[in-house]
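Please find below a short note on the model under review. It is arranged as numbered points.

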Amino acid sequence: MKKLYGISKVIFPLLIIALIIYLFYAQPFGHRPIKFGSTYMTMNNDFYQTLNEPIANEIDDHNDILYSRNPELSINNQVNEINNFIKNDVKVIFINPVDGVSPKLIRALKKAHQAGIKTIVVDSQIENSSKYVDCTIRSNNYQAGVLCAKELMSKQKSANILILQQPTAISVVERIKGFEATIKNNKKFHIVDKINTTGQSENSYPKVQKYLKQGKNFDTIMSLNDKTAVGALAAINANDRRSKIAIYSIDGSENIKKMLSTQNSNVKATVAQSPLQIGKVAINVAYKLINHQKIKKEIILPVRLITSKNIKNFNITGWQ
């Protein structure tokens with residue numbers, strides 16, 4: 001009897017340890033991972049890298065799987081990525097569209113919808129998407145354009161403005177609309193021209209440089225985003241026009257914030273979005289959709305004007 005009691009004293013603690021191991025380790029291995037897919041117009045932009053971070057982290061914490069893809073500004077690449085998501089049986093797609101009005105892209109997303117996949121659009125919009133997009137999460141892009149215009153008019157008595165735009169991105173179209181609507185009744189502020197870019201510095205640099213060499217008359221740039229503004233600034237510096245052209249932009253990126261903090265003579269203001277907040281909201285919405293909870297069809301997040309006067313109120317690495 002004593003021998004049995006001694007054995008039980010050894011076995012019982014081992015059973016407890018085994019139970020603890022099962023609860024803490026065996027259970028996750030029994031979890032069937034949920035698959036997600038993300039495709040943003042380009043990962044050659046810190047904005048989308050930052051946006052994707054909270055999504056990737058939360059999915060990892062749930063022991064689920066994220067397929068992150070980079071279409072590199074190609075609509076064909078993005079369509080192929082969506083088709084691959086469908087083949088891989090993902091449950092949710094996060095997308096920032098290369099072209100928000102592309103028939104190819106719309107067909108691919110409708111196909112994903114028919115396959116039962118939830119779609120969340122981030123930092124932009126897709127045309128007529130109410131029937132096949134579950135949620136759109138974006139900044140108040142129209143207001144971003146308004147804030148740039150108001151700051152411009154408060155700092156300058158007049159302006160000849162060159163607009164750097166991207167007509168395929170609905171978010172950018174909204175920014176420019178807000179800007180134009182705000183200045184339209186002020187006769188001292190003229191839009192002299194618009195240049196189409198891809199939202200990348202390597203594209204805006206040669207285009208603005210060519211424009212400068214042609215001797216076109218402008219003293220202000222309204223840039224669709226900070227990446228484009230950086231390329232424009234490089235072109236201005238290369239043409240020794242530093243003190244003559246003011247730049248207004250949108251994003252609140254690290255590079256532009258550093259320039260504002262050092263009071264760069266060209267960079268006057270940027271309107272900050274929060275990619276981190278967009279990402280946090282997006283992943284929260286994703287799990288609600290998976291759990292069949294109600295969500296809003298559209299979530300619009302606020303934007304903030306940053307200038308050299310209030311830059312101290314913001315983190316250089318990003319508005320959190």
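1. The model is predicted: local features need pLDDT of at least 70, side-chain atom pairs count only at pLDDT 80 or more, and totals for chains, interfaces and linings use all residues. Numbering starts from 1 along each chain as its sequence is written, and side-chain values use heavy atoms, with hydrogens and water left out.

2. An open sheet is formed by six strands in the order S2-S1-S3-S4-S5-S11, with parallel pairing (strands pair if DSSP finds at least two bridges between them; strands are DSSP E runs of at least two residues, and helices H or I runs of at least four, numbered from the N terminus). Strand S2 (65-69) and strand S11 (298-301) are at the edges with a single partner strand each, so one side of each lacks a neighbour in the sheet.

3. Strand S1 (residues 35-39) and strand S3 (residues 92-95) run parallel and are joined by four bridges. Phe36 stands opposite Val92 in S3.

4. In H8, Asp226, Ala229, Val230 and Leu233 meet Asn255, Ile256 and Met259 of H9 (contact means heavy atoms within 4.5 Å).
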